[in-house]
Amino acid sequence: MPAAIVCGVMGAIQARINSDLAAELDDGFAASAISFGTGLVILLLLLVIMPTVRHLAARFWRELRSREFPWYLAIGGVGGAVYVLGQAFSVSLLGVALFIVCVVAGQTVTGLVVDRVGLGPGGVRHLTPLRVLGAALMVVSVVLAMSRGFSTQAPWYLLALPMVAGVAMGLQQATNGRVTQHSGHFLVATLGNFVVGTAVLALAASMHMLAAGAPQALPPNPLLYLGGPIGIVFIAMAAYLAGPLGVLTLAMSTIAGQIVGSVVIDAIAAPGHLTVTTVAGAALTLLAAVLAASSRRRA
C-alpha cells in the first residue's frame with residue numbers, strides 16, 4: 001500500500017507537469033499526446049535492451065491475434081486517454097476541485113464493483129463493512145480536501161464527464177492487472193497502455209488541430225517532457241500492484257497519494273493557499289485507504 005501511495009504522488013507530479021506543458025502549448029490535446037508519445041518511445045527503447053520483455057510482448061500479441069486472450073481486456077490505455085480527454089473538456093468548466101471529486105467518486109465505486117465481480121487479477125473480493133466505509137470516507141475526504149476550489153457555475157450534467165473518466169481509470173487498473181497476470185510482466189501491460197493511449201490521443205489531437213489550428217512552438221524546458229517517463233512508472237506500478245492489493249485498495253491508495261502529493265506541491269509552490277480543511281482532507285484519504293487495506297488483510 002505505501003508503494004501505491006508513492007505511485008499516486010508521482011501521478012500528482014505528472015499532472016502538474018502536463019498542465020504546465022499544456023499551458024505553454026496552449027493546447028491540452030497536443031500536450032497529452034506528447035506525454036503519451038514520449039512514454040511510448042521510451043518503452044520501445046526498453047524493449048531493445050530487455051529481450052525477455054520483448055519475447056513476452058510478442059507472445060502476448062500472438063495470443064491477442066488468436067483470441068486466446070480477450071481483446072477487450074487489453075485496451076486499458078483507453079482509460080488513461082478518456083481521463084485526459086475528460087480533463088481537457090471539463091476542468092475549465094467545473095474547476096479542478098469538482099473534477100477531482102467526481103473522478104474519485106467514479107473510480108471508487110468502480111473499484112468496489114470490479115472487486116465484487118472479480119474482473120481484477122485478484123479474483124472476487126467481497127464487500128465488507130470496512131471496505132464500504134473506507135470507500136465512502138475516501139469520497140468525503142476528497143470533498144473536504146478540495147472544498148476551497150469548488151465552482152458552481154457549470155451545469156450539473158457536466159458532472160457526468162469526470163465520473164466517466166473515473167470509471168475508465170478504475171477499469172484501466174483492473175484490465176492492466178489482468179494483462180500483467182496473463183503475460184507474466186507488468187511492462188507488457190504498460191506497453192499496451194501507451195500504444196492504445198497514444199493512438200487515441202494522437203487522433204484527438206489531430207482532429208483538434210484541424211479545427212483550432214496548430215499549437216504553440218514546443219517549449220525548450222526539458223522538465224516539461226518528464227510527464228511520459230513518470231507515466232511509465234505510474235502505470236507500471238499500478239499494473240503490478242493490482243493483483244496483491246485489489247482494484248479498490250489500489251485506487252484508494254493512489255487517490256490518497258495524489259491528494260497528499262497535490263497538498264505538498266501546493267505547500268511548496270503556494271503555501272499561502274493551504275487551508276486546514278485541505279490538510280485534514282488529505283490526512284483522511286490516508287485513513288480511508290488504510291481501512292480498505294485492513295479489511296483485505298482480515299479476509
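Begin by selecting helix 6 (residues 129–146) together with helix 10 (residues 247–269): the two pack at an angle of about 20 degrees, and their axes lie 11 Å apart. Because angles under 35 degrees count as roughly parallel, helix 6 is roughly parallel to helix 10. The crossing of this pair is left-handed. The model on display is a predicted one.

Next, show the side chains at this contact. From helix 6, select Arg131, Gly134, Ala135, Met138, Val142, Ala145 and Met146. From helix 10, the partners are Leu248, Thr249, Met252, Ile255, Ala256 and Ile259. Colouring the contact of helix 6 with helix 10 by class gives 10 nonpolar, 2 polar and 1 charged residues.

**Helix 10 from another side**

By class, the contact of helix 7 with helix 10 comprises 4 nonpolar and 3 polar residues, with no charged residue.

Now select threonine 110, which is found in helix 5 (residues 96–117). Is threonine 110 buried or exposed? Its relative accessibility is 8%, so threonine 110 counts as buried, the limit being under 20%. Setting aside residues up to four places away in sequence, threonine 110 touches Gly166, Val167, Gly170 and Leu171.

Then move to valine 82, which has its place in helix 4. With a relative accessible area of 29%, valine 82 is partly exposed. Which residues does valine 82 touch, not counting those up to four places away in sequence? They are Val164, Ala165 and Ala168. For a distance check, draw a line between the C-alpha atoms of valine 82 and valine 167: these residues are 85 apart along the chain, and the separation is 9.6 Å.

**The nonpolar cores**

Turn next to the largest nonpolar core, which has 32 residues. Select Phe60, Phe69, Phe194 and Leu201, the residues with the most contacts inside this core. The elements giving two or more residues to it are helix 2 (28–49), helix 3 (51–65), helix 4 (77–94), helix 8 (186–212) and helix 9 (227–245). Helix 8 supplies the largest share, 8 residues.

Centre the view on leucine 201. Not counting residues up to four places away in sequence, leucine 201 touches Ser32, Ala33, Phe36, Ala81, Val84 and Leu85.

A second, separate core has 20 residues, including Val104, Val142, Leu248 and Ala289.

**The whole chain**

The chain holds 11 helices and 0 strands, and along the sequence the pattern reads α-α-α-α-α-α-α-α-α-α-α. Colouring by burial marks 48% of the 299 residues as buried. Among contacts with a separation of 6 or more, 85% are between residues 24 or more positions apart.

Definitions and conventions:
Residues numbered from 1 in each chain as written. Predicted model: local features only at pLDDT ≥ 70, side-chain atom pairs only at ≥ 80, totals over all residues. Heavy atoms only, no water. Axes fitted to C-alpha atoms, helices over the stretch in contact; angles between N-to-C directions. Helix = DSSP H or I, 4+ residues; strand = E, 2+ residues; numbered from the N terminus. Parallel < 35°, antiparallel > 145°, perpendicular 65-115°, else oblique. Left-handed = near helix turned anticlockwise from the far one by under 90°. Contact = heavy atoms within 4.5 Å. Nonpolar A, V, L, I, M, F, W, Y, C, P; charged D, E, K, R; others polar. Core = buried A, V, L, I, M, F, W, Y, C linked by side-chain atoms within 4.5 Å. Buried < 20%, exposed > 50% of the residue type's maximum accessible area, 1.4 Å probe, protein only.
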